[in-house]
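Work through the exercises below with the model open. Each task is followed by its solution.

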Amino acid sequence: MSSEATKTSVYVHFPWCARKCPYCDFATEPIRKQLLPHEAYADALKRELGLRAADLRGRKLVSVFFGGGTPSLWAPGALGRVLTAIRHAFEEVADDLEVTVECNPSSLDRRGAAALREAGVDRLSIGVQSLRDHHLRFLGRLHDRAQAIGALRDAIAEMPRVSADLMFGMPEQTPEELGEDIHRVVDTGVRHVSAYALTIEEKTMFGSLHRAGKLQVASEERYAELFEHAEARFCELGWGHYEVSNYAAPGEESRHNLHYWRGGAYVGLGAGAVGCLDEGPGRARRWRNDPNPQRYLCGGTLETEVETLGPEEIIRESLMLGLRTVEGMDLEATRQRAASDPEEGRERAIQGALETGRLVRSGRWLRVPQPHWLKLDGIVRDLF
Ligand code: SF4
């Protein structure tokens, strides 16, 4: 096998949840567990994999991420069938292949975690969000603190690697509460945490309540305080803040996400999934599958959005994703991928940001220093 095979990740979207959370705008539908089409969905994914066979030629599989939605509602045997088919669809599979499944505490127990391990999964990412029952009720979650801690313990007992998601910015949440949640989660043995700010998305129940003036959100100052408090707690633990929303004990970074932030190729499978594959220097193809699970199951039109990315789009993607990370954006790798110089036409903007310390350059790397991460969106926008 050629050592030149293009490293490629696979994202599998599972488009159902037990209940729709009021803040969530992901492509998911609520469904009763007994109505889940476990095997039919696996069959549909295998069909899509077959249709994409030509795209996978000459590629090396480096990570698989089952996201959603709530993939922990899916029968582990059906998920395992899909994972096996994905492995077989690639000419080459990395020795250290990372396979992650997103789970909710309300649909994960020790048996489920063991069955996923048996199916070839080596990492679970658990949607804890908070360890305060009043915050969990506010977020419309189906679990409470005890269930969240139980799910983390079950996962750690069966899986080599476990990550937890936490949210911040709930009304009245204090930095101390967030700090205690972080310590309690880390105490269970978790070695990776994604900490996301609660944002109000327009097409959600929270969006409607906010427009009607019935939902207060944290002020910008409070978000900043929570963000900085979380960073300080993880720093005390010796963890790295390796991406704006992600923290890891040394060596525990998510390889799947790093691949994505570095502009790596990825195949999206399933209803509503997004994929993006390079088609030679300066050209990439991005698609979104039909988000309707019923139509996806029936095998109708697969892709509902297709976009061709040229050099400038590839450079902008690279700026948006790479500058989110502590390592920054690899100017040389971007130049090769985009077949164009990412600095050309941006000389003044880059120079201005370097002079004010919002950007730092070391060799081929351009990065935003951590103290400026709260202003990241504006810094990236100035470089467009
Ligand atoms: S469980 Fe996750 S994906 Fe499902 S609705 Fe809630 S936040 Fe969205």
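Axes are lines fitted to C-alpha atoms, for helices over the stretch in contact, and angles run from 0 to 180 degrees between N-to-C directions. Helices (H or I, at least four residues) and strands (E, at least two) are DSSP runs, numbered from the N terminus. The model is predicted: local features need pLDDT of at least 70, side-chain atom pairs count only at pLDDT 80 or more, and totals for chains, interfaces and linings use all residues. Residues are numbered from 1 along each chain as its sequence is written, and side-chain values use heavy atoms, with hydrogens and water left out.

**Exercise 1.** Describe how α7 and α9 pack.

Start with the geometry. Helix α7 spans residues 175–187 and helix α9 residues 220–236; their axes lie 9 Å apart at an angle of about 35°. Next, the handedness. α7 and α9 cross in a right-handed sense (right-handed if the near helix is turned clockwise from the far one by less than a right angle, left-handed if anticlockwise). Then list the contacts, meaning heavy atoms within 4.5 Å. α7 contributes P175, E176, L178, G179, I182, H183 and V186, and α9 contributes R222, E225, L226, H229, A230, R233, F234 and E236. Finally, sort by class. The α7–α9 contact has 7 nonpolar, 3 polar and 5 charged residues (Ala, Val, Leu, Ile, Met, Phe, Trp, Tyr, Cys and Pro count as nonpolar, Asp, Glu, Lys and Arg as charged, the others, Gly among them, as polar).

**Exercise 2.** Work out how α12 is oriented against α13.

Take the angle. The axes of α12 (residues 311–322) and α13 come within 9 Å and cross at roughly 155°. α12 is therefore roughly antiparallel to α13 (over 145 degrees; under 35 is roughly parallel, 65 to 115 roughly perpendicular, the rest oblique). Now the side chains. P311, I314, I315 and S318 of α12 meet T334, R337 and A338 of α13. This α12–α13 contact comprises 4 nonpolar, 2 polar and 1 charged residues.

**Exercise 3.** Which residues other than glycine have a positive phi, and are they buried or exposed?

Recall the background. Most residues other than glycine have a negative phi, and most peptide bonds are trans. Q129, in strand β6 (residues 123–129), has a phi of about 70°. Q129 is buried, at 8% relative accessible area (buried is under 20%, exposed over 50%, partly exposed in between; 1.4 Å probe, protein chains only). A339 has a phi near 55°. A339 sits in the loop between α13 (331–338) and α14 (347–355) and is exposed, at 51%.

**Exercise 4.** Locate the cis peptide bond at G69.

The G68 to G69 bond is cis, with omega near 15°. G69 belongs to the loop between β4 (59–68) and α3 (76–89).
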